[in-house]
Amino acid sequence: MSEDRRLDRLSSMLRRRGIVLPAFEIYGGVSGLIDYGPVGASIRRRVVEIWIDHWLSQGDIVEIDSPTITPEEVLVASGHVGEFNDLMTECKSCNSAFRADHIVGDDSETMDKKEIDKILANGVICPSCSKSEWTPSSPMNLMFSTRLGAMSSGRTAYMRPETAQGMFMLFPSLYRHFRQKLPFGAIQTGKGYRNEISPRQGMVRLREFNMAELEYFIDPQNPPMYSGGSEVVTLIPDPQSEYSGEKKISFAEALDKNIIRHPTVAWFLSRTWDFLIKVGINSDKIRFRQHANNEMAHYASDCWDCEIYGEYGWIECVGIANRTCHDLESHEKSSKTSTLRAWRNFEEPKVEEKEKLFPNGSVIGPMLRADAREVASIIEEMEKLPEKIPFDLKLSDGRTITITADMVERRLETITVNGEWFTPHVIEPAFGIDRIIWHILDHAYEESQKEGEPYTYLRLAKGVSNVDCIVLPLFDKDGMGDLAKNYAQQINSIPNIRSEIDFSKSIGRRYARADEIGIPWAITVDHTSIEDGSVTIRRRDDQVQIRAEIGDLIGHLRNKTMDSLF
RNA sequence: GCGCCUGUAGUGAAGGGGUUAUCACAAGAGGUUUCCAACCUCUUGUCCCGGGUUCGAAUCCCGGCGGGCGCACCA
């Protein structure tokens, strides 16, 4: 089978079998929007469920769910509004696009559109073709905006460009849930939205996409170290570092050599690898690429992309970043709260002895009346004690009051400080679910031959296929059809195990249809089944068939031990 | 967004200013068949959308939308 048109054949199959299709096709379709069809939607859900289970099983991670509509302030604080509103201009001569503020030589990002257009018109030279014919600058807003509330009183909001902000919003609740102890994490899966200028490559660059993100909050002074990560993987370290060039190395060793700069990041790289293998990504087609300093977001300190190889080349499918305290800090600042922090106990409490003045209320009160409150608070907050008493004290309105010895008491105070507040750091693994599903399909799609005819398999990992097994009556007569329905129903009553039934056409064709969409097990009901309740079980991957009692089959399906029958 | 290519049943293709648009596979109904895309009969279903040229447009032209590739963009 020729390789050159494989992408076309795979895409055709995905449409034909209802896995992934262009959305709104009867109205001409919309670029960057896709449907998961009757088969694909189940595959997508199962991949997401495996992802959720993968993280929840760790024990210190919980799931949350927050709105996709996000008020503007949140995304101003996160930096998305600024980043997504860059003015762009294009050279009419060579069609190169540039950030308008950069091309006019202003890095302050304070110029407005009028100023920039004026400078552009005054002969700024295009760096790529040396001419000077610019289009008027226009904002490149990659977020979908909307309004909350009707008419002009509404509040500007955006469809979220990432799910991460939801976890930051819920930090106070998470902190309480975890009994004020770090580390802990929160995951969220759901839709994200970016109004891409030019969506391309099928399901790789979408305008509405499925994301799955984890925010893992840690104490930067005490970063969690986990063991593991011994499998040898492909790493491409920062090309500007001393480790440039592709490396075959384990995560553990890479951490040891400081190629991976943070122990928790190393752990999540390893857990990401585990997940990808679990859902059926080919291990030879995974690599981890470290961002160079100039590629990283300004706040991140160690950033890795997990790239997967497929029909479109190496595609970034997971980003793992140490976002440090950036997000929590900037939300704390913008929202004027002080709830986005964690408490850290000192190993030893710090004990400080300090001389302090205490106001003597029974003297000050009757004497100063209305001024007593202010005077008392000034005295209590004095960092530096006056050298002698009496002394003069200045009030906020400029008057001066003389404080005499009977008005205050000088005492030695012992202050014990048990710990301090700090802003946790956050390690963020962010998964592009659609891109991962694309590569699952790409890697599973196998074009082979059967008796000289082209034959295709989708060798999906167990648990990823839309159903777990298909029940096939050899013929729809002599009660085989009814028996098959009965068995399919019994199988469907097992939690999280699904079966389908197919009566149409010859048995060989039905096996082929099941193979094409990756159903791992085919259960055939034949004449013997009617006599003794046994069925044949065919394994997709090698077409080996065995016979088993329906009761045994159900037990093995429930325990996910089907392979032990063979 | 720009440039080049492109759009015909579910899928892949053929054709094309003039009767009812063709083929294969797939799908549905029935028959046959004791386990791997078999066979027979019947059936369903297509010219991306809009405008123009024309007596007549699915065909030619223009625009839009969608797709592919390249350039640019990708927090």
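View 1. I69 stands opposite M159 in β9. The model is predicted: local features need pLDDT of at least 70, side-chain atom pairs count only at pLDDT 80 or more, and totals for chains, interfaces and linings use all residues. Residues are numbered from 1 along each chain as its sequence is written, chains are lettered from A and ligands numbered from 1 in the order written, and side-chain values use heavy atoms, without hydrogens and water. β4 and β9 (residues 155-159) run antiparallel and are joined by 3 bridges. Strands are DSSP E runs of at least two residues, helices H or I runs of at least four, both numbered from the N terminus; two strands pair if DSSP finds at least two bridges between them.

**View 2. The open sheet β4-β9-β8.** The sheet has 3 strands in that order, with antiparallel pairing. β4 (69-71) and β8 (145-148) are the edge strands with a single partner each, so one side of each has no neighbour in the sheet.

**View 3. Polar contacts to RNA strand B.** A polar side-chain atom of R509 lies 2.5 Å from a phosphate oxygen of RNA strand B; a polar contact is a pair of N or O atoms within 3.5 Å. Base nitrogens of RNA strand B are approached by a side-chain N or O atom of D526 at 2.8 Å and by a polar side-chain atom of R538 at 2.7 Å.

**View 4. The surface near RNA strand B.** RNA strand B is surrounded by 44 residues, counted as near if a heavy atom lies within 4 Å of the strand. The closest are R194, K450, R509, Y511 and R513. α16 gives the largest share, 6 residues.

Note on methods
A polar contact is a pair of N or O atoms within 3.5 Å; within protein, one must be able to donate a hydrogen and the other to accept it, and residues adjacent in sequence count only if both atoms are side-chain atoms.
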